Amino acid sequence: MASACRGTSVRRLRGAVLAVALAVTPVGCSAPTAVSSGRATPVPSGSPGASGSSASASVPADPGAAALPAGFRFRQLTRSLGPGAPVRLTVLSVAPDARVRVTGVHGADMTRSDTVRTLANRSDALAAINGTYFDIRTGHHHSGYEGDPIGLYAEHGRVLSEALDGRPALVLGYTGGRLEARVAEVATSGGLRAADGAVRELDGVDRVPGRILGCGGTGGDRLATTGRLQEKPFEGLCTDPDEVVSFAPEWGGDTPPGTEGSTEALLAADGRVLRLRTPAGGPLPEGGSTLYGIGTGAAWLRAHAVPGTRMTVSERITAPAGLPLPGPVETAVGGSARLLRAGAFDPAATALLGRRREPRTVAGVTADGTLLLIAVDGRAAHESVGATPAEAARLARSLGAVDAVNLDGGGSTSVVLRGHLRNRPRDTENGPVRERPVADGLAILPDEPAK
């Protein structure tokens with residue numbers, strides 16, 4: 001499910017859909033084949049909501065797994081969606097005052113993907129789960145850079161991939177050391193200001209200029225198949241021949257090879273224009289970034305990005321229509337569809353995602369602000385069948401979520417705790433357990449002691 005890109009609409013359905021109780025089936029959850037074997041260790045469990053108490057589960061032996069920081073909890077449980085339809089959940093819970101910190105993490109650079117386990121190990125994380133959809137190499141419109149998120153991705157307050165306008169995202173920030181987690185519909189607004197006062201919109205961040213997977217970006221996006229103007233998110237590829245895209249230091253590799261007439265402004269860390277290169281494409285300046293222009297965007301850079309002058313580049317996360325997004329924003333991970341709004345299932349999720357049972361990664365927030373990161377295993381008959389969007393919403397609500405968003409799923413759904421893969425990701429029905437490289441994830445880090 002790495003590259004499912006669809007538009008959004010928001011409607012509410014209250015009541016009966018979510019009122020169906022979910023049966024709890026006590027089972028043992030053994031480790032995926034990718035995990036080294038060892039004596040099973042009980043995992044703490046508790047009552048996740050009105051649907052009943054959760055089942056005890058087992059995971060590979062891991063000294064110290066039970067001694068997790070205060071406010072951070074790991075659970076595995078199996079539910080029944082109906083006769084012959086078990087579903088296994090792996091849940092990471094982070095209370096607002098937990099002695100951990102949650103942040104986005106990406107691969108070694110933005111051009112490449114890594115497994116969630118690699119992302120966790122590189123960042124010294126206690127735990128991690130996969131994040132956004134991304135430009136997977138098996139996708140119909142792969143651009144060549146599998147580390148490129150589709151839709152909003154921000155870490156440490158920096159936007160590294162622009163939003164698909166109006167899509168929901170998990171947004172995280174901290175105030176006074178307390179986590180503020182929420183699900184919100186988001187957009188991004190980018191701009192350029194040259195030293196001579198000329199201004200222009202910034203079309204995108206860290207992606208191939210002219211190609212907009214999922215559409216719904218800034219400027220004149222048009223469907224690649226028909227040429228029709230497409231202002232809202234839409235499954236598939238849009239194009240725009242006149243763009244300026246920024247490449248941040250996190251991109252890491254060379255920028256994409258440019259066509260004739262393209263121009264790239266190389267910027268120092270302070271925004272000073274070092275030089276222009278035509279055609280565009282090549283290494284980033286050390287510690288710096290670039291602005292990559294095509295069509296009228298390239299002409300604008302040639303006219304206004306004068307070497308030795310400073311260029312102001314901005315990219316901010318907003319609510320739709322450019323309205324301010326309340327609360328702190330340090331990490332943002334875009335999803336495909338909102339599953340829960342104030343406890344009610346959003347039926348638009350079914351229209352966007354279909355009715356198939358699939359492995360899913362869900363981010364939810366409870367009434368008291370606790371963050372829930374939920375992996376729903378699937379593609380394993382008689383073991384874990386996955387969930388439809390409506391079933392995923394019910395499962396999230398049974399765990400206490402009042403708001404929830406669907407993140408990347410399918411073979412991407414992966415959870416790691418203390419270096420061990422804790423769920424069973426599969427690319428195909430009843431296929432082998434296999435860790436899929438992904439573009440980014442959410443990492444839970446030990447809280448740094450006060451100095």
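## The disulfide

A disulfide is taken here as a pair of cysteine sulfur atoms within 2.5 Å, and by this rule the count for the structure, which is a predicted model, comes to one disulfide. The partners are Cys215 and Cys238, whose sulfur atoms lie 2.2 Å apart. Because Cys215 belongs to strand β15 (residues 211-215) and Cys238 to strand β17 (residues 233-239), the pair ties together parts that are 23 residues apart in sequence.

The torsion about the S-S bond of Cys215 and Cys238 is about 95 degrees, so this disulfide is right-handed. Both Cys215 and Cys238 are buried.

## Strand β26 and its two partners

Strand β26 (residues 360-366) is mostly covered, with seven of its seven residues buried. In a regular strand the side chains alternate between the two faces of the sheet. In β26, Arg360, Val362, Gly364 and Thr366 point one way, while Thr361, Ala363 and Val365 point the other way, and all of these residues are buried.

Strand β26 runs antiparallel to strand β27 (residues 371-376), to which six bridges join it, and it also pairs in the antiparallel sense with strand β28 (residues 401-406) over five bridges. Strands β26 and β27 form a hairpin with four residues between them, and in the turn Gly369 has a positive phi of about 90 degrees.

## A five-stranded open sheet

Elsewhere in the model, five strands form an open sheet in the order β9-β8-β23-β10-β11, with antiparallel pairing. The edge strands are β9 (158-161) and β11 (178-185), each of which pairs on one side only. Neighbouring strands of this sheet are turned by 20 degrees against each other on average, when direction is ignored.

Within this order, strand β10 (residues 168-175) and strand β23 (residues 331-334) pair in the antiparallel sense over four bridges, and Leu172 stands opposite Thr331 in β23.

## Aromatic pairs and a cluster

A search of the whole structure finds three aromatic pairs. One of them is formed by Tyr145 and Trp251, a tilted pair with 5.0 Å from centre to centre and 50 degrees between the planes. This pair links distant parts of the chain, as Tyr145 sits in the loop between β7 (127-130) and β8 (153-155), whereas Trp251 sits in the loop between β18 (243-247) and β19 (263-267), 106 residues apart. Tyr145 is buried, with a relative accessible area of 15%, and Trp251 counts as buried at 0% relative accessibility.

Phe247 and Tyr292 form another pair, whose ring centres are 5.8 Å apart and whose planes stand at 50 degrees, so this pair is tilted. It too links distant parts of the chain, with Phe247 in strand β18 and Tyr292 in strand β21 (residues 289-294), 45 residues apart. Phe247 is buried with a relative accessible area of 0%, and Tyr292 is buried with a relative accessible area of 3%. Tyr145, Phe247, Trp251 and Tyr292 form one aromatic cluster.

Thr111 is placed in the loop between β6 (100-106) and α1 (116-122). Since buried means under 20% relative accessible area, Thr111 counts as buried at 13% relative accessibility.

The side chain of Thr111 makes a polar contact with the side chain of Asp109, at 2.5 Å. If residues up to four places away in sequence are not counted, Thr111 touches Tyr145, Glu146, Gly147, Trp251 and Gly253; among these, Tyr145 and Trp251 belong to the aromatic cluster.

Note on methods
Residues numbered from 1 in each chain as written. Predicted model: local features only at pLDDT ≥ 70, side-chain atom pairs only at ≥ 80, totals over all residues. Heavy atoms only, no water. Helix = DSSP H or I, 4+ residues; strand = E, 2+ residues; numbered from the N terminus. Buried < 20%, exposed > 50% of the residue type's maximum accessible area, 1.4 Å probe, protein only. Pairing = 2+ DSSP bridges. Polar contact = N/O pair within 3.5 Å; in protein donor to acceptor, adjacent residues only side chain to side chain. Contact = heavy atoms within 4.5 Å. Axes fitted to C-alpha atoms, helices over the stretch in contact; angles between N-to-C directions. Phe/Tyr/Trp six-rings, centres within 6.5 Å; stacked < 30°, edge-to-face > 60°.
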